[in-house]
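I opened a notebook to write down what I looked up in one structure.

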Amino acid sequence: MAFGGSASPLHALPNGRGASLSSNPSTAASDEWTAGFVFQSSPARAPKRRGRDPKRNQARKSQTALLATKLHGGESPPASGPATALGAAASAWGALGVLYILLNPVKRLLPIALLPLKGGAAALGPAGWCAYAGFVCFMAFFEGYKGFQCKFSPMVVARAATLEIGPSAGGPGWWIKALLAPVYSMGLFHATRKRLATSWGMLIGISAIVAICKRVPQPWRSVIDGGVVVGLTWGSLSVGAIYLSSKLRGNPPPLDPQLP
């Protein structure tokens, strides 16, 4: 029924939809707008795209380009494709070489750290066992988790990942970094001043602890060695786990490699 009291034909609206409109000129425009609003359907939602996020891919390319620029001495390097086999090998050598460096003292200290366990409860006594368990927990949290897993190990993998750009984008200095990849990944050269001080301080500190442990009499040497072994083992495993995770995800840890 028309609003004006008389029948009116079905008119086509400008948006292509039909509605019953009044023949009264004074209300025709209002009726036409109302009908178009009522019958207008909501826009169809775009289907969800599956697979890799294009923004994430673009961020990866930008990060790789920035690292290549830094390694190239501040100038824009030539465009490079995916990581070459040489770059991937240098990156693996850097991360896994650090893992070996951390495990090497563990191999020497582990037999001494296990001596109390072989001697039974009488080897240390109640006070000695409390000290042993307490120092192991202390080193596991502060050295293994806080020091290695949260800070040092992600930095090692992030710096090793900068070698994946290969020699063409990395410039002539890339070969030295690749040959000394474990030392480079630990931040012992070609790093910020803060990173250099932290890495060299940690290296000297660990070496000093190992040297002091050799002069401590038993059973306290086993107590100290037990904590050091747990901390270094945690650190080496965290380096391997973070490196493997970065390879499976296809992205290095979201951490500044602290290049100069």
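The entries below go from the chain as a whole to single residues.

**Entry 1: ground rules.** I am working with a predicted model, in which local features need pLDDT of at least 70, side-chain atom pairs count only at pLDDT 80 or more, and totals for chains, interfaces and linings use all residues. Residues are numbered from 1 along each chain as its sequence is written, and side-chain values use heavy atoms, with hydrogens and water left out.

**Entry 2: the chain.** I looked up the secondary structure and found 10 helices and 2 strands. Helices (H or I, at least four residues) and strands (E, at least two) are DSSP runs, numbered from the N terminus. Along the sequence the pattern reads β-β-α-α-α-α-α-α-α-α-α-α. Of the 260 residues, 36% count as buried. Buried means under 20% relative accessible area, exposed means over 50%, and partly exposed lies in between (1.4 Å probe, protein chains only).

**Entry 3: the core.** In soluble globular proteins, nonpolar side chains tend to be buried together. I looked up the largest nonpolar core and found 22 residues. Such a core is a set of buried Ala, Val, Leu, Ile, Met, Phe, Trp, Tyr and Cys residues joined through side-chain atoms within 4.5 Å. Val98, Leu102, Tyr132, Phe148, Phe152, Val156 and Leu232 have the most contacts inside this core. Helices H3, H5 (125-161), H9 and H10 (220-249) each supply at least two of its residues. The largest share, 7 residues, comes from H5.

**Entry 4: a pocket.** Which residues line the second largest pocket? I listed Ile101, Leu102, Asn104, Pro105, Arg108, Met186, Met202, Leu203, Ile206, Ser207, Val210 and Leu232. On a 1 Å grid over the protein atoms alone, where a 1.4 Å probe fits, a pocket is an open set of points with protein on both sides within 12 Å along at least five of seven lines, and lining residues have an atom within 4 Å of a point. The volume of this pocket is about 180 Å³, counted as the space filled by probe spheres set on the points. Helix H3 (85-113) and helix H9 (193-213) each supply at least two lining residues. The lining divides into 9 nonpolar, 2 polar and 1 charged. Here Asp, Glu, Lys and Arg count as charged, Ala, Val, Leu, Ile, Met, Phe, Trp, Tyr, Cys and Pro as nonpolar, and the others, Gly among them, as polar. I also checked Leu203, which is in helix H9 and is partly exposed at 29% relative accessible area. Leu203 and Met186 are 17 residues apart in sequence and 9.4 Å apart in space, C-alpha to C-alpha.

**Entry 5: rings.** I found 8 aromatic pairs in the structure. In Phe141 and Phe142 the ring centres are 4.9 Å apart and the planes are at 90 degrees, so this pair is edge-to-face. Rings of Phe, Tyr and Trp (its six-membered ring) pair if their centres lie within 6.5 Å; planes under 30 degrees apart count as stacked, over 60 as edge-to-face and the rest as tilted. Phe141 is partly exposed at 41%, and Phe142 is partly exposed at 47%. Ring pairs link Phe135, Phe138, Phe141, Phe142 and Tyr145 into a cluster.

**Entry 6: backbone.** The peptide bond from Gln218 to Pro219 is cis, with omega near 5 degrees. Pro219 is in the loop between H9 and H10. His190 has phi near 50 degrees, a positive value in a residue other than glycine.
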